[in-house]
Amino acid sequence: MNFLAIGTEIAIALLMLIVLAADLLLPKDVSHRRIGVISMVGLAVILVYTFGQYHIGASPTFFGGLFFVDNYALFFKQLFIIGMLFTILFSLEYTEKLLRYRGEFYVLLLSALLGMCVMASANDFITTFVGLELMTVSFYILVGARMTSEDSSEAAVKYLIVGAASTAVMLYGMSLVYGAAGSLVFSEVCRNIHLFYAAGLAGVIMVIIGFFFKLSVIPFHMWAPDVYQGAPTPVTALLAMGSKAAGIAVFMRILYTAFPILGNFWLPLLAGFAALCMIGGNIMAIRQTDIKRMLAYSSIAQAGYMMVGMAAADLAGMKAVLFYAMLYVFANLGAFAVLTVIDTERGGTSRRDITGLAQAAPLLAAVMTISLLSMAGIPPTAGFAGKLYLFTAVVERGYLWLAFVGFVMSMISVYYYLMVAKAMYRDLTPEEAEYAAPVYVPLTVRAAVLVSVFATLGLGICPEWLASLTNAAVQTFMR
Amino acid sequence: MQVIIFRKGIFMGDFGGLGIFFAIALIFPVMALIPAFLLQPRQPTKEKGIPYECGVDTVGKTYVQYRIGYFLYALIFVVFDIETVFLYPWAVRFGQLGLFALLEMFVFVGILAMGLWYAWKKGALSWK
């Protein structure tokens with residue numbers, strides 16, 4: 001067995017144990033920041049290691065092909081690790097101040113990361129399921145990590161119940177697919193024509209619905225706003241970028257390698273739900289006053305954009321999805337780093353809390369604006385390049401109407417993104433000026449937001465860098 | 001008759017036998033309970049009506065909160081449970097599996113021990 005193939009996963013598991021041991025050995029009343037630093041250093045080393053795993057030619061496998069380490073999986077693993085690394089970086093202060101179980105917080109973050117990495121590499125339904133559960137169970141606990149907050153507990157319970165229900169649906173679907181196809185390995189399922197029978201089709205639909213729940217696709221999105229709002233801000237960031245990207249990674253692999261023969265059936269379905277997501281997410285986001293809740297609805301719309309690329313169902317579409325997922329991570333890092341600071345300093349993330357941020361912390365206000373503009377797709381941010389790739393891919397496949405919906409909805413989204421910018425930059429009334437306390441921005445947060453802004457603008461100006469990486473990533477599917 | 005029903009692929013598919021078994025499993029308890037319900041003499045007394053607590057008289061209310069400690073102990077017990085479940089098959093085949101499996105088992109037990117250490121250190125084993 002080729003243990004190097006699962007080197008990333010072993011390293012993350014090891015790091016998790018080291019962090020757990022460090023937490024146990026550290027006296028109780030000491031700052032836990034050093035535990036965060038240990039996990040960041042570990043993640044940085046692992047990130048560098050994953051670059052060495054890119055390859056041309058046959059991809060290494062493990063467990064007799066159940067675990068597949070191709071460039072596609074590597075790309076997503078790097079995305080998760082980058083997201084996790086910078087989330088820990090900007091939330092050191094938050095964790096120290098607001099959370100009771102600080103050591104466990106880092107351990108659970110790493111276990112969620114491990115789950116995501118397993119999902120990205122999964123090449124059969126059981127491995128997918130194990131990775132998915134490892135990730136979601138960690139998130140159930142992380143969402144409820146603010147022990148004193150009722151919102152946080154409510155969010156955790158809600159997430160647990162909805163998550164368990166969707167898992168049950170997906171697992172039942174998988175069992176039906178197994179019954180119809182006689183195998184759980186994606187390539188074997190693909191070869192089996194029996195999927196066209198009723199039970200197989202029902203299984204496929206249930207698997208797809210399960211993923212729609214996890215990706216909070218409208219109409220399966222009811223849990224997302226409450227959970228995003230109640231969760232600790234760094235966890236919300238990870239739910240929006242990590243959990244969603246992991247879902248998309250494995251969903252795309254399943255659709256293209258296990259169910260390609262049913263393409264005529266799921267392509268219109270995907271296009272329809274993508275349109276529903278873009279329209280619903282953007283329109284419902286307009287009325288939100290809490291920024292976290294607004295970003296929850298916006299993330300529903302973003303999932304819709306990525307599904308547009310999936311509906312294109314060709315290499316160009318896949319590349320666009322990968323590109324978009326990565327730039328979405330950087331945009332999210334910027335926005336949530338700012339929100340985390342606001343949450344730590346002012347104890348909330350409503351629009352009132354960010355009023356006048358341009359005077360209190362000009363850097364944060366600028367970063368927030370750039371990140372939100374990237375989500376809206378305004379040049380010269382990376383969001384523009386990402387949407388250009390997505391919509392070009394889908395128009396070439398003949399879904400002109402879908403691209404049109406995307407354009408219109410992107411324009412609508414600019415409105416509510418700019419409402420946030422307006423709140424930050426407008427002049428304050430005298431009583432507001434009294435309320436607007438200065439905001440302390442730690443050095444770690446500065447570093448995190450600068451990286452996110454450079455990445456967002458850099459990828460907007462020179463998208464070729466990332467595009468060449470996505471080219472390498474989709475090679476697996478060029479068979 | 002029986003032979004024909006249970007022979008594969010004549011009356012039913014592979015899982016037909018299982019279906020019959022399931023049906024019998026459903027019918028059997030009902031068949032046992034209904035005659036008892038119809039035939040039993042009913043002479044209720046106060047003594048008979050109280051909740052059954054292993055033959056001891058109930059003290060206080062029946063709905064009481066259990067200490068969380070019980071559940072923590074149960075969870076920690078699961079650690080050892082899992083350990084045993086995987087150690088048994090490993091021990092049976094230990095000779096053929098060789099050095100690799102030995103190291104593998106050390107890794108496995110090490111991770112579980114880590115969990116126990118965590119629980120111990122966090123005070124899950126002390127009865128507060």
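Helices (H or I, at least four residues) and strands (E, at least two) are taken here as DSSP runs and numbered from the N terminus. The structure is a predicted model, in which local features need pLDDT of at least 70, side-chain atom pairs count only at pLDDT 80 or more, and totals for chains, interfaces and linings use all residues. Residues are numbered from 1 along each chain as its sequence is written, while chains are lettered from A and ligands numbered from 1 in the order in which they are written.

Chain A contains 20 helices and 2 strands. Its C-alpha trace spans about 70 × 55 × 40 Å along the principal axes. The radius of gyration of chain A, 21 Å, agrees with the value near 23 Å that a compact globule of 479 residues would have; this radius is taken over C-alpha atoms, and the globule rule is 2.2 Å times the number of residues to the power 0.38. Mean pLDDT (the predictor's confidence in each residue, from 0 to 100) is 90 in chain A, and 99% of the residues score at least 70. Within chain A, confidence is highest in helix H5 (residues 125–143), at a mean of 95, and lowest in helix H18 (residues 430–435), at 74.

A residue is classed as buried if 20 or more other C-beta atoms lie within 10 Å of its own, exposed if 12 or fewer, and partly exposed in between, with C-beta atoms placed from the backbone. By this criterion, 58% of the 479 residues in chain A are buried. In chain B, buried residues make up 0% of the 128 residues; this chain has 5 helices and 0 strands. Contacts (C-beta atoms, placed from the backbone, within 7 Å) were also examined in chain A. Of those with a separation of 6 or more, 78% join residues 24 or more positions apart.

A nonpolar core is defined as a set of buried Ala, Val, Leu, Ile, Met, Phe, Trp, Tyr and Cys residues joined through C-beta atoms within 7 Å. The largest such core has 188 residues, and those with the most contacts inside it are A:Leu113, A:Ala274, A:Ala311 and A:Ala325. Helix H13 (residues 315–346) of chain A supplies the largest share of this core, 21 residues. Leaving aside residues up to four places away in sequence, A:Ala274 touches A:Gly304, A:Met307, A:Val308, A:Ala311 and A:Leu402.

Helix H2 (residues 33–51) of chain A was considered individually. In H2(A), the residues A:Ile35, A:Gly36, A:Ser39, A:Leu43 and A:Ile46 are buried. These residues lie on the same side of H2(A), because they cover an arc of only 95 degrees around the axis, the arc being that of the directions from the helix axis to the C-beta atoms. On the other side of H2(A), the exposed residues are A:Arg34, A:Val41, A:Val45, A:Val48 and A:Phe51. The cover over the buried residues of H2(A) includes helices H1 (7–25), H3 (71–98) and H4 (102–121) of chain A.

Particular backbone geometry occurs in several loops of chain A. The peptide bond from A:Ile218 to A:Pro219 is cis, with omega near 5 degrees; A:Pro219 lies in the loop between helix H8 (198–214) and helix H9 (223–230). A:Ser216 is found in the loop between H8 and H9, has a positive phi near 50 degrees, and counts as buried, with 27 C-beta neighbours inside 10 Å. A:Pro379 and A:Pro380 are likewise joined by a cis peptide bond, with omega about 5 degrees.

Definitions and conventions: Contact = placed C-beta atoms within 7 Å.
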